[in-house]
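Hello,

Here is the structure I promised to pass on. Please have a look, and then read my notes below.

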Amino acid sequence: MNDLRIAPQWLALALAVALIAVIATVGIRLYRRSARRRALLARMQRIALRAEHQVEVPDGMGGFFHVDHLLLTPQGILVRDTRRVPGLIFGGDQMSEWTVMARNRRYTFENPQPALYDRVAAVKALAGDVPVEGRLLFSNVGRFTKGRPKWVLMLDALEVEFPLVDRAAAGPAAVAEMTRPWERLVGQLRPSPHAFTSL
């Protein structure tokens, strides 16, 4: 019977190659996630006069709601929740859970609309007379095949629904009128411990 023995230097080399491959894979994933984050933030800056990201908003009862993005646009304040959900998404306004079909896998997640409504209400309570809206921003790796539920926005339609801000055309008086309530709102926010939601 042959006794196969691997020389220690070859074993060490194989382990080193495997370790380098793992580090490279993790590094590439982190780089891609960081690149997506920078691209998303740049797009949001182009549609907003001011922006706050990954913050907590007081809920009026001693607690806080996490908010991915708060944007001050010429139309008012936009509360935005971002989601990266790959696959086919089946969701509706009256459904308590939305279903995802991805890579021979099926799973559900809680309908995110009620949580968005709570966040919008909390921001409205602090924003004074400035209009407040909310959107659930989904990345393009997912697709709603039976129509999009209310307040869902796909990433590729971001600038369609919210055009780029022309700061010169916005007018300093209109901007100043919204900036004061915005600054009061920002003064009551605190940084969120939650990780950035990558698209």
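Buried here means under 20% relative accessible area, exposed over 50%, and partly exposed in between (1.4 Å probe, protein chains only). This is a predicted model, in which local features need pLDDT of at least 70 and side-chain atom pairs count only at pLDDT 80 or more, while totals for chains, interfaces and linings use all residues. Residues are numbered from 1 along each chain as its sequence is written, and side-chain values use heavy atoms, with hydrogens and water left out.

Now the salt bridges (a side-chain nitrogen of Lys or Arg within 4 Å of a carboxyl oxygen of Asp or Glu). The structure holds six. In one of them, Asp81 pairs with Arg83, with 3.2 Å between the closest N and O atoms. Asp81 is buried at 6% relative accessible area, whereas Arg83 is partly exposed at 22%.

Another salt bridge joins Arg190 and Glu56 (2.5 Å, N to O). Arg190 lies in strand E10 and Glu56 in strand E1, 134 residues apart. Strands (E, at least two residues) and helices (H or I, at least four) are DSSP runs, numbered from the N terminus. Glu56 is buried at 9%, and Arg190 is partly exposed at 39%.

E1 (residues 50–58) also pairs with E2 (residues 64–73), antiparallel, over eight bridges; pairing requires that DSSP finds at least two bridges between the strands. Five residues separate E1 and E2 in a hairpin, and Gly60 in the turn has a positive phi of about 85 degrees.

Best wishes
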